[in-house]
Amino acid sequence: MRIGEKRIAAIYTTNNGDMWISCFGVLYRYDSNGVYLDSFPIISNGKKMYVAGFAENVDKEIYLTMGTKQVFRIDLEQKRMEPLDELQNNNLTEVVYDITRNAFWISSWRSESMLLFTPEAVGEDRFKYYLFPTDNSSHRKNIYDFVIDDVRGDFWLLTESSLTNYGIDDEKRQFVLKPQKYLPNNSMLAQILKNGKYLWIT
């Protein structure tokens with residue numbers, strides 16, 4: 001199956017080599033040889049959406065966001081999107097898997113907190129909010145991307161003009177600001193990638 005003239009918003013991969021291509025209103029899946037496997041409608045409350053965040057855990061479960069108040073799970077057996085509970089944060093965006101906590105961090109635009117989602121947890125422990133320091137305004141800008149340092153457990157947050165490094169205090173459920181100034185002032189930052197001990201910024 002060819003995508004044709006559809007505009008591609010993002011491309012994701014899973015550990016089995018499958019390639020997931022997000023277009024407006026639909027998410028396509030191909031194998032590592034480019035053979036079409038299936039597709040999933042990206043629809044929330046009857047409206048076509050786009051995939052804002054996409055991540056897979058060690059149990060091969062895939063969760064994504066669509067810029068709404070909900071997190072969705074991809075059910076490969078039933079070939080459908082399973083919506084989870086509606087949350088207080090609107091415009092949920094990036095999703096990053098944290099292997100040390102076996103959970104997902106989820107961001108939203110201009111938020112005072114970050115959401116930690118643990119799929120197997122129940123009750124209030126399933127979705128927990130971690131607060132940013134009140135004396136730092138980096139997180140109040142549009143959050144473009146973030147990564148987790150699997151070795152030190154640090155949290156790296158990228159906005160349109162800054163790269164900010166945080167420690168994570170799980171007991172207090174908050175982020176701890178670390179010494180800064182990793183990049184010169186730049187108003188056109190877009191993406192952060194992790195490769196071993198290096199971070200790559202575009």
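Does Arg29 count as buried or exposed, and at what relative accessibility? Arg29 counts as buried, because its relative accessibility is 12% and the limit for burial is under 20%. The model discussed here is predicted.

**Salt-bridge network**

- The count of salt bridges comes to 9.
- One of them joins Arg29 to Asp18, with the closest N and O atoms 2.8 Å apart. Arg29 belongs to strand β3 (residues 26-30), whereas Asp18 sits in the loop between β1 and β2 (19-23), so this pair ties together parts that are 11 residues apart in sequence.
- Asp18 counts as buried because its relative accessibility is 6%.
- Arg29 also forms a salt bridge with Asp38, and here the closest N and O atoms are 2.8 Å apart. Asp38 is buried, since its relative accessible area is 5%.
- Asp38 in turn meets Lys79 in a salt bridge of 3.0 Å, taken from N to O. Asp38 lies in strand β4 (residues 36-41) and Lys79 in the loop between β9 (70-75) and β10 (80-86), so the contact ties together parts that are 41 residues apart in sequence.
- Lys79 counts as partly exposed because its relative accessibility is 46%.
- Through shared partners, the salt bridges join Asp18, Arg29, Asp38 and Lys79 into one network.

**Largest pocket**

- The largest pocket holds about 1,000 Å³ of space.
- Its lining consists of 33 residues, and those nearest the centre of the pocket are Tyr12, Phe54, Glu94, Val95 and Val96.
- Two or more lining residues come from each of the elements β1 (8-13), β7 (53-56), β11 (92-98), β15 (143-148) and β19 (192-195).
- Strand β15 gives the most to this lining, with 6 residues.
- By residue class, the lining of the largest pocket divides into 21 nonpolar, 7 polar and 5 charged residues.

**Nonpolar surface patch**

- Leu193, Tyr198 and Trp200 make a nonpolar surface patch of about 360 Å².
- Tyr198, one of the patch residues, is placed in strand β20 (residues 198-201).
- With a relative accessibility of 48%, Tyr198 counts as partly exposed. This value meets the accessibility condition for a patch, because patch residues need over 30% relative accessible area.

**Positive phi angles outside glycine**

- Asn45 is not a glycine, yet its phi is positive, at about 55°. Asn45 is found in the loop between β5 (43-44) and β6 (47-48).
- The relative accessible area of Asn45 is 74%, so this residue is exposed.
- Lys60, also a residue other than glycine, has a positive phi near 65°. The place of Lys60 is the loop between β7 and β8 (62-65).
- Lys60 counts as exposed because its relative accessibility is 62%.

**Buried strand residues and C-alpha separations**

- Gly167 is found in strand β17 (residues 163-169). Its relative accessible area is 10%, and Gly167 is therefore buried.
- Gly167 and Arg152 are 15 residues apart along the chain, and their C-alpha atoms are separated by 8.7 Å.
- Phe117 lies in strand β13 (residues 113-117). With a relative accessible area of 0%, Phe117 is buried.
- Between the C-alpha atoms of Phe117 and Asn89 the separation is 13 Å, and the two residues are 28 positions apart along the chain.

Key. Residues numbered from 1 in each chain as written. Predicted model: local features only at pLDDT ≥ 70, side-chain atom pairs only at ≥ 80, totals over all residues. Heavy atoms only, no water. 1 Å grid on protein atoms, 1.4 Å probe; cavity = no way out; pocket = protein on both sides within 12 Å on 5 of 7 lines; lining within 4 Å. Points joined across faces, edges and corners; volume = space filled by probe spheres on them. Helix = DSSP H or I, 4+ residues; strand = E, 2+ residues; numbered from the N terminus. Nonpolar A, V, L, I, M, F, W, Y, C, P; charged D, E, K, R; others polar. Patch = residues over 30% accessible without salt bridge, like charges linked within 9 Å, V, L, I, M, F, W, Y side chains within 5 Å. Areas by Shrake-Rupley, 256 points an atom, 1.4 Å probe, with all protein chains shown as cover. Salt bridge = Lys/Arg side-chain N within 4 Å of Asp/Glu carboxyl O. Buried < 20%, exposed > 50% of the residue type's maximum accessible area, 1.4 Å probe, protein only.
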